[in-house]
Amino acid sequence: MTDPKKVSRHSFYPFISFLVKSSKVRWNDGSNALEKKTKERPIAYAAHVDTHIYAYYSSRLANLYEQALIRNALDQCVIAFRSLGRSNIEFAASAFAEIKKRSECHVICLDIQGFFNNLDHGLLKSAWTKLIGTHRLPEDHYAVFKSLTRYSTVDRDALYSHLGLSLNNRLSCPRRLCSPAEFRDKIRAGNLIKTHRDTKGIPQGSPISAVLSNIYMFEFDFVVKNYMNSIGGTYFRYCDDMLLIVPPEAKSAAKAFAESEIKKLGLSVQDEKTECVDFHMREGKLSASKPMQYLGFLFDGQRIILRSASLARYADRMKRGIKFAKATMKKRNFARVARGEAPKPLFRSQIYKRYTYLGRRNFVSYGYRAARVMDSAPIRKQLKKLWKKAQAEIAA
């Protein structure tokens, strides 16, 4: 991976592709019940050696990108996919603090439609070349670029089935799925490989995809940041989510300008996700025309809370997890009694670790950290309800 000649001649394997399904849960006032909507996101991951090559070039490009951000005073605007030692909590807190400081302002939230799937290959190549300071991509860089734009994929389920491997028991699978000979004789000969022939889109899931998305947006960030400075506004971008904080009189022009620049990249805005919120002082207090959503939080000028959909989704996951744990306990106790052994109680410690504040890395612990950083009593109140729900599910 450190030898440009070897990289330029390297034959990249197809990506292993699969769909990640995530559920969005929201409350429907009409039916007075929770509604669940499933969203599918295509993910692709690379072969072992290919992954190391992508990671190496990602590191090299990231260093150049960081230098370019600092030179152009963009390091405080672009906040995703960078080693900043901060999370969504701090990013959201900074945006809300900026709004509080301004008092009278208008906020525009824009979201790009199908971001990674619509990155134009020609524009990506141009931005990549400009970043490394050459007129054309060196042969090794071009080999990496070509592997990400003219890439091939193999469906994970079909691959495992063809190799006689279990999708349900990954521990039984070999560390290496197949040898080069098996790849030729079984995978290629089995017509499992699909080639991406479009002139836009890169695989989402490789170690280099994130930094390339930032590089692709560099010129856009530069132009929008300068425009925002000229009208007295503030600009933040988190991957495909953009936040514009502008003086009230500039809201229409700022929105039109940002949407126009997005179109120049061959991208489009999801109108259904666009949010425009007015903030103003009323009786000495900051208030909003409606609660503003940003990075999983809601802000109305006074209170910062977690999105209700996030809480509902986590509560649903917790309910299913506890139900499964109880079913497993019941099944094992049935076997113990049959052997003449005493039944054992439910292992609550694992449930608490996974679904309550007693765990270190879960949604609840994340929420309490947000409450501390943002000094939000309403978030603490929201999270206390999850503890009660967990206790009720265990006792049911």
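Predicted model: local features only at pLDDT ≥ 70, side-chain atom pairs only at ≥ 80, totals over all residues.
Glu-275 belongs to strand 8, which covers residues 275-282. The residue is buried and has no salt bridge. The nearest side chain of opposite charge is that of Lys-290, 4.6 Å away; this pair does not count as a salt bridge because the cut-off is 4 Å.

A polar atom of the Glu-275 side chain does lie 3.3 Å from the backbone nitrogen of Gln-293. Beyond its neighbours within four places in sequence, Glu-275 is in contact with several residues, among them Val-107, Ile-108, Cys-109 and Pro-291.

## The hairpin of strands 8 and 9

Strand 8 runs antiparallel to strand 9 (residues 285-288), and four bridges join the two. Within this pairing, Phe-279 stands opposite Ala-288 of strand 9. Two residues separate the strands of the hairpin, where Glu-283 adopts a positive phi near 55 degrees.

## Salt bridges

The model has 13 salt bridges. One of them joins Arg-156 to Asp-157, with an N to O distance of 3.5 Å. Arg-156 is buried, at 17% relative accessible area, whereas Asp-157 is partly exposed, at 38%.

Another salt bridge links Asp-316 with Arg-320, their closest N and O atoms being 3.2 Å apart. Both residues lie in helix 11 (residues 308-338), four residues apart, or about one turn of the helix. Asp-316 is partly exposed at 21% relative accessibility, and Arg-320 is partly exposed at 49%.

Technical notes: Residues numbered from 1 in each chain as written. Heavy atoms only, no water. Buried < 20%, exposed > 50% of the residue type's maximum accessible area, 1.4 Å probe, protein only. Lys, Arg positive; Asp, Glu negative; His and termini not counted. Polar contact = N/O pair within 3.5 Å; in protein donor to acceptor, adjacent residues only side chain to side chain. Contact = heavy atoms within 4.5 Å. Pairing = 2+ DSSP bridges.
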